Amino acid sequence: MQPTLKSQQLFEKAQKLIPGGVNSPVRAFRSVGGNPLFIKSAKGAYIYDEDGNAYIELINSWGPMILGHAHESIQEAIRDALQYSFSFGAPTAKEVQIAELVVEMCPSIEMVRFVNSGTEACMSAIRAARGYTGREKIIKFEGCYHGHGDAFLIAAGSGAMTTGIPDSAGITQGVAKDTLTAAFNNLEQVQQLVEANPNQIAAIIIEPVVGNMGLVLPQQGFLEGLRAICNKENIVLIFDEVMTGFRLAKGGAQERLGVIPDMTTLGKIIGGGLPVGAYGGKADIMKCVSPVGKVYQAGTLSGNPIAISAGLATLTYLKENPDVYQTLENIGTQLVNGLRAVNRKLGLNYTINHIGSMYSLFFTEKPVYDLASAKTSDTNLFAQYFKAMLKRGIYLAPSQFESLFLSIALTPDLIEQIIYAHEQSLREVLELK
Ligand SMILES: *Cc1c(COP(=O)(O)O)cnc(C)c1O
């Protein structure tokens, strides 16, 4: 790896102009120390910084680049769309096409509204659930992230956690009092909240598979239990599949795990790397949204033709090449088996959570199933490991409390390189021979 002088210079200048030098906090490398890399380009499985260093990608823009960077079919779709102008503020044929695809691919969605980010999707989904039920409170889970909407910045996971702000300043008590929180995988706590707030809970929102406290899987019966509580109490069950949608299966975590929510929020892959989000669900809930119903929600650039073209090309590719999901399973299994074998060889018992093309290595020997258990990780050790991997050309998420995302551009050879770097990095930071 060459020195990263250009990144350092850019970061110094950026810090004078942009808070923390970045437009989203976790990019600042604060929880691992050092300066963030400024990225110039990426192609396939590789990302390149301003100083010309190449890294094998395990972030993939936090999920969207499931086909690898600058995939030809997406490039072509964007290039084709450009000639027709960039924004109309009026409906387009492509919005109908992508809506049709989303309804077809995502089991819970009968109608869908497109927005510009996952944050917007989640904010709008709870507003629709509140309008539909006439109730005010929501339940969320500690460590789950649903974007930076006020109502969600209570026990909000990853970015909020790793910058050392557990929640956020600037959230009113009025907003905070309507957000109730429970521990992930703790059905009993949810039951207690529901009993203590009879007929007051509009929605339960959850990442069915959590990526925002590191990867955490639901235990057997947990999501099924939430489904049963919501049925009994007429609560809207919202799966936030901004990370897992179109990733864990064509129809997301809900298809893979067989639990169907009332509403689903989407982002990341749905835009193929451009800013797109969406929320959808049962038609009778979605018909509460304006201009049909009384729940107001709008957007000047919503359904933007360039962004939708990238999303449409991505979803079309995934639908027409279902073998992508088997490829991702194989890549994930090869990588995680390899990491586990190295750990065993070195006598280390670190927890690795894994499903499909998502995984997290936690620097703890305890099982990780909620926020409290995730926090038993040694974050100093993670920071050293992160730097040791980066030095060896592997670009990991700069926080213990993030999932890693694999793309189909990772070949078996590249995976062996990652496993080798993992072994060398662990030997270095733990001072093993
Ligand atoms: C990334 C993410 C969001 C927020 O999406 P943005 O596009 O960053 O606003 C919401 N929920 C989950 C689960 C996410 O991972």
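**Exercise 1. Cavities**

Task: State how many cavities of 30 Å³ or more the structure holds, and describe the lining of the largest cavity.

Solution. 
Step 1. Three cavities of 30 Å³ or more are present in the structure, which is a predicted model.
Step 2. The largest cavity has a volume of about 100 Å³.
Step 3. Its lining consists of Y359, S360, L361, F363, F382, Y385, L396, A397, S399, Q400, E402 and L404.
Step 4. Two elements, β12 (358–362) and α14, each give two or more residues to the lining of the largest cavity. The largest share, three residues, comes from β12.
Step 5. Sorted by class, the lining of the largest cavity has eight nonpolar residues, three polar and one charged.

**Exercise 2. The second largest cavity**

Task: Give the volume of the second largest cavity, list the residues that line it, and sort them by class.

Solution. 
Step 1. The second largest cavity holds about 50 Å³ of space.
Step 2. P64, M65, I66, L67, G68, H71, I74, G272 and T314 form the lining of the second largest cavity.
Step 3. Five of the lining residues are nonpolar and four are polar, with no charged residues.

**Exercise 3. Helices α2 and α11**

Solution. 
Step 1. The axes of α2 (72–82) and α11 (305–320) are 9 Å apart, and the helices pack at an angle of about 150°.
Step 2. Angles over 145 degrees count as roughly antiparallel.
Step 3. The crossing in which α2 passes α11 is right-handed.
Step 4. The contact of α2 with α11 has ten nonpolar and three polar residues, and no charged residues.

**Exercise 4. Two helices that contact α15**

Task: Describe how α12 and α15 cross, then do likewise for α14 and α15.

Solution. 
Step 1. Helix α12 (residues 323–345) and helix α15 (residues 412–429) have axes that come within 10 Å and cross at roughly 25°. Angles under 35 degrees count as roughly parallel, so α12 is roughly parallel to α15. The crossing of α12 past α15 is right-handed.
Step 2. From α12, the contact takes I331, Q334, L335, G338, L339, V342, N343 and K345. From α15, it takes P412, I415, E416, I418, I419, H422, E423, L426 and R427. By class these are nine nonpolar, four polar and four charged residues.
Step 3. Helix α14 (residues 379–391) and α15 have axes that come within 9 Å and cross at roughly 130°. That angle makes α14 oblique to α15. The α14 and α15 crossing is right-handed.
Step 4. The residues of α14 in this contact are L381, Q384, Y385, A388, M389 and K391, and those of α15 are I418, A421, H422, S425, L426, E428 and V429. They comprise eight nonpolar, three polar and two charged residues.

**Exercise 5. Backbone details in two loops**

Task: Locate P291 and S85, and state the backbone feature at each.

Solution. 
Step 1. P291 sits in the loop between α10 (283–286) and α11. The peptide bond from S290 to P291 is cis, with omega near 10°.
Step 2. S85 belongs to the loop between α2 and α3. Although S85 is not a glycine, its phi is positive, at about 85°.

Conventions. Residues are numbered from 1 along each chain as its sequence is written. This is a predicted model: local features need pLDDT of at least 70, side-chain atom pairs count only at pLDDT 80 or more; totals for chains, interfaces and linings use all residues. Side-chain values use heavy atoms; hydrogens and water are left out. Axes are lines fitted to C-alpha atoms, for helices over the stretch in contact, and angles run from 0 to 180 degrees between N-to-C directions. Helices (H or I, at least four residues) and strands (E, at least two) are DSSP runs, numbered from the N terminus. Angles under 35 degrees count as roughly parallel, over 145 as roughly antiparallel, 65 to 115 as roughly perpendicular and the rest as oblique. A crossing is left-handed if the near helix is turned anticlockwise from the far one by less than a right angle, and right-handed if clockwise. Contact means heavy atoms within 4.5 Å. Ala, Val, Leu, Ile, Met, Phe, Trp, Tyr, Cys and Pro count as nonpolar, Asp, Glu, Lys and Arg as charged, and the others, Gly among them, as polar. On a 1 Å grid over the protein atoms alone, a cavity is a set of points where a 1.4 Å probe fits but cannot get out, and a pocket is an open set with protein on both sides within 12 Å along at least five of seven lines; lining residues have an atom within 4 Å of a point. Grid points are joined across faces, edges and corners, and a volume is the space filled by probe spheres set on the points.
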